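Good morning, colleagues. Please take a moment to look at the sequence and the structure on the screen, and I shall then take you through several of its features.

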Amino acid sequence: MPVHPRLLKAARVLLDWTQQKLADKAGVSLTVVHRLEAGYSIRASSWFRIQDALESGGVVFIDATGDAGYGVRIDAPLPEPFQGKINN
């Protein structure tokens, strides 16, 4: 089942991927990624290629259950949050 575009965008951000990187990994054009994230229609085959690329990158889409809504989580190592020291 296709995942909502907002969850797809959230997954891309969790992976720290640019729209171009997602387009490259999914084998679609950058315009297709732009259109999907902006809420415009795209071909179902492109939608699923984007979703598959994100899942291959390590995200898991979560169905709504009971009191909990839909979501996305990362099932891959997270990068270090800071490249240098944390300044106080």
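Predicted model: local features only at pLDDT ≥ 70, side-chain atom pairs only at ≥ 80, totals over all residues.

How many residues does helix 4 have? The helix has 14 residues, and the distance from its first C-alpha to its last is 20 Å, close to the 20 Å expected at 1.5 Å a residue. Its buried residues are S46, W47, I50, Q51, A53 and L54. Viewed down the axis of helix 4, these buried residues fall within an arc of 160°, so they line one face of the helix. The elements covering them include helix 1, helix 2, helix 3 and strand 1.

One residue on that list deserves a separate word. S46, which belongs to helix 4, has a relative accessible area of 13% and is therefore buried, the cut-off being under 20%. Apart from its neighbours within four places in sequence, S46 is in contact with V28 and V32.

In soluble globular proteins, nonpolar side chains tend to be buried together. Here, the largest nonpolar core has 21 residues, and the members that touch the most others are L8, L22, V28, I50, L54 and F61. At least two residues of this core come from each of helix 1 (5-14), helix 2 (19-26), helix 3 (30-37), helix 4 (44-57) and strand 1 (59-62). Which element supplies the largest share? That is helix 4, with 4 residues. As for L22, its contacts beyond the neighbours within four places in sequence are R12, W17, V33, I50, A53 and L54.

Next, a point of backbone geometry. Most residues other than glycine have a negative phi. D16 is not a glycine, yet its phi is positive, at about 60°. Where is D16 found? It lies in the loop between helix 1 and helix 2. Is D16 buried or exposed? Its relative accessibility is 62%, so D16 counts as exposed, the cut-off being over 50%.

Finally, the largest pocket has a volume of about 170 Å³. Its lining consists of M1, P2, V3, H4, L7, Q51, E55, F61, I62, D63 and Y70. Helix 4 and strand 1 each supply at least two residues of that lining.

Thank you for your attention.

Note on methods. Residues numbered from 1 in each chain as written. Heavy atoms only, no water. Core = buried A, V, L, I, M, F, W, Y, C linked by side-chain atoms within 4.5 Å. Buried < 20%, exposed > 50% of the residue type's maximum accessible area, 1.4 Å probe, protein only. Contact = heavy atoms within 4.5 Å. Expected span 1.5 Å × (residues − 1). Arc of directions from axis to C-beta. 1 Å grid on protein atoms, 1.4 Å probe; cavity = no way out; pocket = protein on both sides within 12 Å on 5 of 7 lines; lining within 4 Å. Points joined across faces, edges and corners; volume = space filled by probe spheres on them.
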